[in-house]
Amino acid sequence: MSTLQVKQRIPLKIKRMGINGEGIGFYKKTLVFVRGALKGEEVFCQVTSVKRNFVEAKLLDINKKSKFRVVPECPIYEACGGCQIMHLRYDKQLDFKVDLLKQALKKFKPAGFENYEIRPTLGMDKPQHYRAKLQFQTRSFGGSVKAGLYAEGSHRLVSLEDCLVQDQLTQEIINKITNLLDKHKVPIYNERKIQGIRTVMVRKAEATDQVQIIFISSKWINLTAVIKDLIAAFPQIKTVAFNLNTSKSSEIYGAETEILWGQDAIEEEVLDYGFQLSPRAFYQLNPEQTEVLYGEAVKALDVSPEDHLIDAYCGVGTIGFAFAKQVKSVRGMDIIPEAIQDAKENARRMGFDNTHYEAGKAEEIIPKWYQEGYRADALVVDPPRTGLDDALLKTIVKYQPKKMVYVSCNVSTLARDLVQLAKIYQVEYIQSVDMFPHTARTEAVVKLTLK
C-alpha cells in the first residue's frame, strides 16, 4: 500500500505515457498517473486519489518541459477531455500510438508478440476538423440550450461551439439546432424530471456534403417548426430522424428510429465506390482516414479471384465492397437490421451479384453457413470496441479460414483476442492508422495467415 496521501504534493519524473495519454512516473516505488504530463518531463503534482496499486495526481507545475510539448490550439482542451494528447506534437502522437499497441501486447502476451512487426502510424496531413459525425448531449442552462460533451468522468456538460476536431459544417448545424430548440421552446431532457431532447446526432457524407440528423428524445415531441427553419438554413440536410429513448441507462439510442423528413439515406463514397448510409448505420468517423484504413485492409488480406470472403460486423457493407470485384463471393452479417438493409441495397446498386447479407450475430450465422456447406477462404473482422465475441473467436479457431484481417479500434481488446488467434495464425504485421488525431486511441490493421 502506498504511503502517499490525497492532497500531498510531490515531485515526479515522467517515464512513459499510459493508454489514456497520461504521464506515468514512480514516487518511492508507487505508480503515479498524471494527466497532461509528457514522457521525459519533471513535474510537481498533487495527489487526487489513492488506489490499491497506484495513485492519480493533478499537474501543478512543469519544472522541466518536454521538447515535444505544444500549446493546444483548442481553447477548451483542458475542460472538455474529448481529446487527451493535443499538447503533444503531432508526429510524436503517431509514435505514441505505436507504443499503445506495444503496451497492450506486453500486457496480454499473445504468442511471439516480441517479434511482431509494428509499422509506423499513418497520420493525417491536416489533423483538424476530421470528425464527420457528432453526438452531442443537450441540456438547458438558465433557459438557454447548450450542446456538447460531458467533461471526463462527470455529468457536467461542456458546451462545444467551435470544436477543433469536428467537421465545420456539422458544428454550424448543431449551433443552429441549439438556437432553434431555444426559439421554439422545445423541452430539453434533464436527469431529474424534465422529459425531452437528450442528444442530437449530425453526420455529413464527405463525398457529397449530404447531412443527416437524429433527434434523440425521452418523449415524443413535434419538431415540425424546428425542421422547417433548419432545412431553410442548410440545403445540405437530406434526412431528419427521431429516436425515442425512454431508458435511464447511458445508452444513446432507443430501438425505434423514424424518419420525420427527407430521404431514408445519404450517399457517401470510399475507395472507388459509393454507398448509402441510413441514420443508425455505423460508419467510420473520419472519412479521409477511412480511405487509408480500408486500403490497408485490402492490401493485408491479399485475396484471389477464387476466394470466398466473410465480412463479420459488416455494417452497411463498406469493407466487403472493397473486395467484391476481386473475389468469388462476399458474405456479411451485422446485428443492426437497418445496416443489413443498406448493405443489400448498396450491393444491388453497385451491380454485385456475388454478395449475401444477413442480420444477426456472427457467432450464430457463420456456423449455420458452414452446416449448409459454405466455406470461407478469407475473413475480415472490424468489431466494436469490445472486440471479438468469445463465441466468434471459438468459431474462427474451429473453422480456420486461411487468411484473416483484423481491423481494430481498441488496442486492448485486440491484444486480448490475439492470444487465441496467434495459436493458429501467424501475425504478419500490425499497421496502425491514426483515425482519431489528438486522442489516445488508434485503429490498427492486422494481417494474419494460417500457420
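Two strands count as paired when DSSP finds at least two bridges between them. Keep that rule in mind, because this tour of a predicted model opens on a set of paired strands.

**Stop 1: strand β22**

Select residues 425-433, which make up strand β22. Of its 9 residues, 7 are buried, so the strand is largely enclosed by the rest of the structure.

Next, bring in strand β7, residues 118-122. β7 and β22 run parallel and are joined by 3 bridges. Here the pair to display is arginine 119 and glutamine 431, the latter in β22, standing opposite one another.

As you look along these strands, recall that side chains in a regular strand alternate between the two faces of the sheet.

**Stop 2: the nonpolar cores**

Select Leu301, Tyr357, Val405 and Val407. These are the residues with the most contacts inside the largest nonpolar core, which has 51 residues. Colour the domains and you can follow this core across them: at least three of its residues come from domain 2 (95-125 + 284-450), and at least three from domain 3 (133-270).

Zoom in on tyrosine 357. Which residues is it in contact with, leaving aside neighbours within four places in sequence? They are Cys314, Gly317, Phe321, Val330, Gly332, Ile340, Ala343, Lys344 and Ala347.

Apart from this core lies another, of 45 residues; to find it, select Tyr116, Ile365, Ala376 and Tyr406, which are among its members. In soluble globular proteins, nonpolar side chains tend to be buried together.

**Stop 3: the cysteines**

How many disulfides does the count come to? The count is 0. Select cysteine 80 and cysteine 83: the sulfur of cysteine 83 is the nearest cysteine sulfur to that of cysteine 80, yet it is 6.5 Å away. A disulfide needs the two sulfur atoms within 2.5 Å, so cysteine 80 is in no disulfide. Cysteine 409 is in none either, and the nearest cysteine sulfur, on cysteine 314, is 16 Å away. Cysteine 80 is buried, at 11% relative accessibility, and cysteine 409 is also buried, at 11%.

**Stop 4: glutamine 166**

Finish in the loop between β10 (157-159) and α3 (168-183), where glutamine 166 lies. Is this residue buried or exposed? Glutamine 166 is buried, with a relative accessible area of 2%. Show the residues it touches beyond four places in sequence: His129, Arg131, Ala132, Lys133, Leu134 and Gln171. Then look at lysine 133, whose backbone oxygen lies 3.5 Å from a polar atom of the glutamine 166 side chain.

Key. Residues are numbered from 1 along each chain as its sequence is written. This is a predicted model: local features need pLDDT of at least 70, side-chain atom pairs count only at pLDDT 80 or more; totals for chains, interfaces and linings use all residues. Side-chain values use heavy atoms; hydrogens and water are left out. Helices (H or I, at least four residues) and strands (E, at least two) are DSSP runs, numbered from the N terminus. Buried means under 20% relative accessible area, exposed over 50%, partly exposed in between (1.4 Å probe, protein chains only). A polar contact is a pair of N or O atoms within 3.5 Å; within protein, one must be able to donate a hydrogen and the other to accept it, and residues adjacent in sequence count only if both atoms are side-chain atoms. Contact means heavy atoms within 4.5 Å. A nonpolar core is a set of buried Ala, Val, Leu, Ile, Met, Phe, Trp, Tyr and Cys residues joined through side-chain atoms within 4.5 Å. Domain bounds come from an automatic or database domain assignment.
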